[in-house]
Structures are given as C-alpha cells and as structure tokens.
Amino acid sequence: MSDPFIAPDGKPRCRWCGGAPEFLPYHDTEWGFPVADDRRLFEKLCLESFQSGLSWRTILAKRENFRAAFRNFEFAEVAAFTEKDVERLLGDAGIVRHRGKIEAVINNAARAVEMVEQEGSLAAFFWSYEPSTAGLAAPQTASTSAASIALSKELKKRGWKFVGPTTVYAFMQAMGLINDHVEACVVREQVTTARADFVHPAAILIPAPASSSST
C-alpha cells in the first residue's frame with residue numbers, strides 16, 4: 001500500500017484512491033482531515049459499520065441515500081426511530097438492507113445522545129482516544145491499533161453495536177485521529193497542517209450553581 005497512485009494531475013496519492021473515480025475527490029477533500037462535528041462523526045461511524053463485509057465503494061455510492069434514509073444522521077432524530085422505521089428502511093433499495101446494521105444505527109443514535117449528555121460532545125469523547133504519533137504503525141500497514149481496540153471496547157461497554165476494532169480503526173483514519181496517508185501522498189502534508197491547526201474539542205464544562213447561602 002506504500003507505492004503511490006499517480007493521479008491525473010501527475011501527483012502521487014495513496015494507492016487505494018485510484019481504485020474508482022469517486023475515490024479521488026473523497027481522498028483529497030475528506031479522508032484523514034480532522035473532524036470535530038458530532039453529526040459527521042456519527043455518520044462516519046455508522047457508514048463504517050454498514051461497510052463491514054462490503055466495499056467502501058458500495059457505501060460511498062449510496063452515501064446520499066443513507067443520509068436521506070437516516071435524516072442526515074441527526075442522531076437525536078434517529079434515536080426516536082421505531083420498528084415502523086426499521087421496516088421502512090428494510091424496504092429502501094437505496095441503502096444496505098441489513099436489519100442488524102439498521103437497528104444498530106438506531107441503537108447507537110440513542111447511545112450518542114447519552115454520550116453528549118455525559119461527555120459534552122461526541123467529538124470530546126472520540127478525540128480523547130487520539131493516539132500518540134510515536135506509536136503508530138507505518139501508514140496503511142495496520143487494520144487495528146491499541147487505540148482502536150480501546151475505543152471499541154469502551155463503546156461496546158456503553159452499549160454501542162457494530163463497532164469492532166477494525167471498524168473503529170477505519171473511522172479513526174477517515175476522521176483524522178491519525179494521519180494514515182502514505183509518505184509520498186501529496187495530501188499527507190495538507191492533513192498534517194490541518195491536524196496542527198486543529199482545535200481539539202473539549203467536553204462542555206457546566207458551571208457549578210451559585211451558592212445560595214446569604215451573607
């Protein structure tokens with residue numbers, strides 16, 4: 001995976017983005033750039049869960065359909081889905097019609113609502129698992145890591161589903177928690193700069209109530 005793909009502009013990219021025409025813009029504008037938006041983080045983790053056993057090309061081609069089916073992955077809305085919604089989604093040919101994965105998205109939406117209440121934001125929680133660059137494997141040589149295993153374990157403990165270490169590692173790659181662009185890729189430096197400028201999210205601090213004692 002370290003040998004680069006030479007794109008139509010003559011510049012090297014990660015080899016995987018030469019696999020389909022739609023991969024190149026995704027690679028150049030999304031993959032690996034740090035994300036702190038809760039909705040986007042939730043969407044990506046859901047899509048990675050749907051990808052399990054399938055190709056990313058299949059999921060990327062259906063991404064707009066998934067967004068329409070799951071109300072743009074606004075997790076507070078998805079958490080309110082009922083069995084009627086599950087049946088509706090199972091009849092939607094525009095998405096992956098897998099009952100377990102559909103039900104997992106609805107379950108995980110409810111868990112995301114809880115996480116925001118507990119942690120302040122999804123971003124604050126996920127970015128707390130950003131690994132040290134010193135311990136990372138060479139770009140695109142691993143499918144799991146100590147950080148993805150730990151994050152997967154904690155998510156499962158909190159009731160999330162379809163969030164195994166490999167799924168979580170792909171999520172971390174895509175959302176910029178690590179820079180896994182190969183060394184020769186022209187986008188790697190852009191991601192490095194974006195990560196350096198990235199303001200790490202922090203949990204919302206709720207101020208302590210004012211003292212009610214009188215003087």
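Reply: Helix packing

The axes of helix H6 (residues 83-90) and helix H7 (residues 99-119) cross at roughly 135 degrees and come within 10 Å. Residues are numbered from 1 along each chain as its sequence is written, and side-chain values use heavy atoms, with hydrogens and water left out. The model is predicted: local features need pLDDT of at least 70 and side-chain atom pairs count only at pLDDT 80 or more, whereas totals for chains, interfaces and linings use all residues.

Helices here are DSSP runs of H or I with at least four residues, numbered from the N terminus. Axes are lines fitted to C-alpha atoms, for helices over the stretch in contact, with angles running from 0 to 180 degrees between N-to-C directions.

On the H6 side, Glu-83, Val-86, Glu-87, Leu-89 and Leu-90 meet Arg-99, Ile-102, Glu-103 and Ile-106 of H7, contact being heavy atoms within 4.5 Å. By class, this contact of H6 with H7 has five nonpolar, four charged and no polar residues. Nonpolar covers Ala, Val, Leu, Ile, Met, Phe, Trp, Tyr, Cys and Pro; charged covers Asp, Glu, Lys and Arg; the others, Gly among them, are polar.

Helix H10 (residues 165-174) is mostly covered, with eight of its ten residues buried, that is, under 20% relative accessible area; exposed is over 50% and partly exposed in between (1.4 Å probe, protein chains only). Thr-167, Tyr-169 and Phe-171 are among these buried residues of H10, which pack against helix H1 (23-29), H2, helix H8 (122-127) and H9. Just after H10, Gly-176 takes a positive phi of about 85 degrees.

Thr-167 lies 7.2 Å from Ser-52, C-alpha to C-alpha, although 115 residues separate the pair in sequence. Ser-52 belongs to the loop between helix H2 (38-51) and helix H3 (56-61), and because its relative accessibility is 39%, Ser-52 counts as partly exposed.

Helix H9 (residues 146-157) contains Glu-154, which counts as buried because its relative accessibility is 19%. The side chains of Glu-154 and Arg-158 make a polar contact (2.9 Å), meaning a pair of N or O atoms within 3.5 Å; within protein, one must be able to donate a hydrogen and the other to accept it, and residues adjacent in sequence count only if both atoms are side-chain atoms. Not counting residues up to four places away in sequence, Glu-154 touches Phe-125 and Tyr-129.

Definitions and conventions:
Helices (H or I, at least four residues) and strands (E, at least two) are DSSP runs, numbered from the N terminus.
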